[in-house]
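Please examine the sequence and the structure shown here before reading the report.

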Amino acid sequence: MKRSLLICLLLLCVTSCLWAQTDLTWIRTKEGKIVAVPKRAVFHLNLPKTIFKSYTPSDRHIIEAKLREFTPNLTAPIQFEQERPMDMMILSEAYRPFFNPYTPMLWAVSPMALDFNEISILPLNEQASFFASGQQYTWPGVGGLTRMNVGTTWQNDRVSFSVSGFGGRYYTPFNPSPMLMGGFRATAGYELTDWLGVRGWGQYVFYEGDEKRNPHMLLNPFYNHTSVGGAFEFKIQEDFRIGVGVNYEYNPFNGRMSPQLLLFPAGRIGSFQIGP
């Protein structure tokens, strides 16, 4: 009897150990059935800590500063591996064809696609300024012109004066190969009253080739011509005037100065005057 009781206790202990180590939980239902349900497993994961960097959005000023790094340096040696600026933010439109991969296509579509007209003014002091400008014009079937102009202006109260020199190349149907041109120009002005001023100008131009046999050059007002003249300017607003005067332009056909009546708008950017 004692032996049977001892064997029952040992079997009960073994059954308890096996019950504790199993992954199933035995549940009795309302119908009296015994159902095995898996126990909830608890996992302990030792994951390494991840370092996150905060994101700082770039504003337009930072983007523009980065793009300026691609601006070509004319004083440095040429580096052919230099990247192109993606948005064409360069100092001058004259350089744009060198950075635009679509330049051959644009030139094939329109011969005027690469034309430009720029001006830059550098104040030297309160009375004097240095200016530089560049233009390129193309007239299909008629000709074209590439010109650079540099000079200085001076103004003191009612008196103003400017002198400049220019040079470049031109071509017409009479000279398909570009030829050189150049000259100089001077203007002077004086304000008689608060609403009336007087201004005079003169320029001398020389062209490579026979100017007398090139009517396309003479009939094109965008070409520089040897001339002298003067005008009265009436003030309409602070920076806008209307000028009336006469201009004498040299005609190489008859060797005389031909008069031309002028009616033109005029203005001022700083100490730099615009007009005829």
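Predicted model: local features only at pLDDT ≥ 70, side-chain atom pairs only at ≥ 80, totals over all residues.

Strand 4 covers residues 128-139. It is mostly covered, as ten of its twelve residues are buried. Strand 4 has pairing partners described here on two sides of the sequence: strand 3, residues 116-123, joined to it by eight bridges, and strand 5, residues 143-156, joined to it by twelve bridges. Strand 3 runs antiparallel to strand 4, and strand 4 runs antiparallel to strand 5.

Four residues lie between strand 3 and strand 4, while three residues lie between strand 4 and strand 5. In the turn of the latter hairpin, Gly 141 has a positive phi of about 80 degrees. Individual pairs can be located as well: Ile 119 stands opposite Ser 133 in strand 4, and Trp 139 has Gly 143 in strand 5 as its bridge partner.

Strand 7 spans residues 175-191 and strand 8 spans residues 196-207. These two strands run antiparallel and are joined by eleven bridges. The link between them is a hairpin of four residues. One of the pairs to look for is Phe 184 with its bridge partner Tyr 204 in strand 8.

Strand 8 is also joined to strand 9, residues 227-237, by eight bridges. This pairing is antiparallel. Within it, Gly 202 has Val 228 of strand 9 as its bridge partner.

## Ser 177: buried or exposed?

Ser 177 is part of strand 7. Its relative accessibility is 52%, and the cut-off for an exposed residue is over 50%, so Ser 177 counts as exposed. Leaving aside residues up to four places away in sequence, Ser 177 touches Tyr 170 and Tyr 171.

Asn 224 is located in the loop between helix 5, residues 215-219, and strand 9. The relative accessible area of Asn 224 is 11%. Because buried means under 20%, Asn 224 is classed as buried.

Which residues does Asn 224 touch, not counting those up to four places away in sequence? The contacts are with Arg 147, Phe 166, Met 181, Gln 203, Val 205 and Tyr 207. With Arg 147 there is also a polar contact of 2.5 Å between the two side chains.

How values were computed: Residues numbered from 1 in each chain as written. Heavy atoms only, no water. Pairing = 2+ DSSP bridges. Buried < 20%, exposed > 50% of the residue type's maximum accessible area, 1.4 Å probe, protein only. Contact = heavy atoms within 4.5 Å. Polar contact = N/O pair within 3.5 Å; in protein donor to acceptor, adjacent residues only side chain to side chain.
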